[in-house]
Amino acid sequence: MANTGEQPQFMTSHANTCDSNGPGAPLIDEIDVDQIVIDEKTSWKNLFAYMGPGFLVSIAYIDPGNFETDLQSGAQYKYELLWIILVASCAALVIQSLAAKLGVVTGKHLAEHCREEYHKVTNFILWMLAELAVIACDIPEVIGTAFALNMLFKIPLWIGVLITGLSTLMLLLLQQYGIRKLEFLISGLVFLMALCFFVELGYAKPDASEVLRGLFVPSLRGSGATGLAISLLGAMVMPHNLFLHSALVLSRKVPRSVHGIKEAISFYTIESAFALTIAFLINLSIISVSGSVCGAADISPADRENCADLDLNKASFLLKNVLGNWSSKLYAIALLASGQSSTITGTYAGQYVMQGFLNLRMKPWRRNLLTRTLAILPSLVVAIIGGSAAAGKLIIIASMILSFELPFALVPLLKFTSSSTKMGQYKNSYIIAALTWIIGSFIMLINTYFLTSSFTKLLLNAPLNKVSQVFCGIFGFLGMLIYVLSVLYLSFRKNRKSTQPLLEDAELAEVNGGNNLYHLQREDISNMQLPKGGNERDDLD
């Protein structure tokens, strides 16, 4: 696209997709897709054109999985684990910025780079792990929605889990009015819940010195605290978000000049920082309220019992000072909104993962139904057998799974963004590279420690004879060894595929009269929205 004359700061154009089966077909067929074009002219007004991807990614940082781990960490350890939220938020900002930079500079998202770089077997394993991460992310959404339905309509938990399978159809119905309007509506409800926690924070009056000590003085007392810390990390820094963010930034038409790329990287970083700061404050307030209420000396016996086994289904009592008898209803509505908004994130991430690793295309409703079905099965079994308490523990387990899988998305991202053969002059500086590798190493070390200590404790306390314990120990530690060696393989393997940054082509610029060229944004990325009409066609039959 040539830049002729005076151009507005940003504008939208419309593209029509006619052929759904051709080689260049988008992931999702779309009619009248909004396309944002960024002006080459330097202006802070361009920031508004870049707004969007970071906020969509930040939804995953305030999903039901985050609420569950926040509530339990506050109830059990008061403010001692706040430093995990601070570290995880800072790490998330750095990591998400790298994911956005990878997409902007190369024009390809993380999953596509993995497909080009790694052997077929390695690529397939990474794809399976990424799919498992999407499913693990969907489990808290299923359980959170079931809890919300239980609070609103007194529906048994296991029936609520089944009903969540129909939430996909409801989501499709609402998306006919435009996905941006839907996201604004759901985000508004989620932030309404956050506002309630902020107000409750004023009533709870947590000790400021204790809160600051929890934020800046690291402390892990016992394996239980370590397990919750890993859950907090898994709930904050999610592997599927790296695939998602690197793809969402491709929905903009960014000027393919050195200045245009640098501006895009800077504005995406600013946008991500703002969105993740809001998410951090929400998580901080939930932990502080939970810790203050459950740690109070004059807590009532009923509230003390709730705090002893706090989960999403019981947390509405934390808001009673603000909302009174309406606390459970409004909390349930916000929890329902949180689960459904996270469904959007998981669906999009699943689409990009499948397209990137396997070059397969699937409609969002099919993709959503597939992952939701796989997430419903363990949630349903746990809800029937163990009830709400066991379902809450399943959310913690799902968050821990996300934390263990993070290196298999994080290490490739760090390798790619630190490579001059892929990023050119935009590769990570030595400071950023060192910082990100320290973050990744810290996460891997704490995961390995917890896995080793928990497995050893389980093995020693299991009612097995010595021979069985020996064989179980051999297989268990062999699995941990494979985990560590796999991460080391990804870390030390040299990049072999060269992908230079997509800069302005001199010959094409000359053909276009010397005007600036724009990178024609990926239509398979910008077309991820559902049709606003009824002319829907199948991509996979």
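A salt bridge is a side-chain nitrogen of Lys or Arg within 4 Å of a carboxyl oxygen of Asp or Glu. In the structure examined here, which is a predicted model, the count by this rule comes to four salt bridges. One of them joins the side chains of glutamate 210 and lysine 78, with an N to O distance of 3.4 Å. This pair connects distant parts of the chain, the two residues being 132 residues apart. Glutamate 210 belongs to helix α10 (residues 208-216), whereas lysine 78 is in the loop between α3 (64-77) and α4 (82-106). Glutamate 210 counts as partly exposed because its relative accessibility is 26%. Lysine 78 is likewise placed in the partly exposed class, because its relative accessible area is 29%.

The backbone of lysine 78 also deserves mention. Its phi is positive, at about 55°, although the residue is not a glycine. A positive phi occurs as well in lysine 154, another residue other than glycine, where the value is near 60°. Lysine 154 is found in the loop between α6 (120-153) and α7 (157-163). With a relative accessibility of 66%, lysine 154 counts as exposed, because the exposed class begins over 50%.

A further salt bridge is formed by the side chains of lysine 108 and glutamate 116, at an N to O distance of 2.4 Å. Lysine 108 has a relative accessibility of 25% and therefore counts as partly exposed. Glutamate 116, with a relative accessible area of 28%, is partly exposed.

The side chains of lysine 422 and glutamate 117 meet in a salt bridge as well, with 3.0 Å from N to O. Here, too, distant parts of the chain are linked: lysine 422 lies in helix α19 (residues 420-423) and glutamate 117 in helix α5 (residues 110-117), and the two are 305 residues apart. Lysine 422 and glutamate 117 are both buried. Moreover, Glu117 and Lys422 are linked with Arg493 in a network of salt bridges.

Burial was also examined for a complete helix. In helix α12 (residues 239-248), 10 of the 10 residues are buried, so this helix is largely enclosed by the rest of the structure. A residue is assigned to the buried class when its relative accessible area is under 20%. The buried residues of α12 include Leu242, Phe243, Leu244 and Leu248. Among the buried residues of this helix are also His240, Asn241, His245 and Ser246.

A nonpolar surface patch of about 960 Å² is made by Val467, Phe471, Phe475, Leu478, Leu481, Ile482, Leu485, Leu488 and Phe492. Leucine 481 counts as partly exposed because its relative accessibility is 45%.

The axes of α18 and α21 come within 9 Å and cross at roughly 15°. Angles under 35 degrees count as roughly parallel, and α18 and α21 are therefore roughly parallel to each other. The crossing of these two helices, α18 and α21, is right-handed.

Notes. Residues numbered from 1 in each chain as written. Predicted model: local features only at pLDDT ≥ 70, side-chain atom pairs only at ≥ 80, totals over all residues. Heavy atoms only, no water. Buried < 20%, exposed > 50% of the residue type's maximum accessible area, 1.4 Å probe, protein only. Helix = DSSP H or I, 4+ residues; strand = E, 2+ residues; numbered from the N terminus. Patch = residues over 30% accessible without salt bridge, like charges linked within 9 Å, V, L, I, M, F, W, Y side chains within 5 Å. Areas by Shrake-Rupley, 256 points an atom, 1.4 Å probe, with all protein chains shown as cover. Axes fitted to C-alpha atoms, helices over the stretch in contact; angles between N-to-C directions. Parallel < 35°, antiparallel > 145°, perpendicular 65-115°, else oblique. Left-handed = near helix turned anticlockwise from the far one by under 90°.
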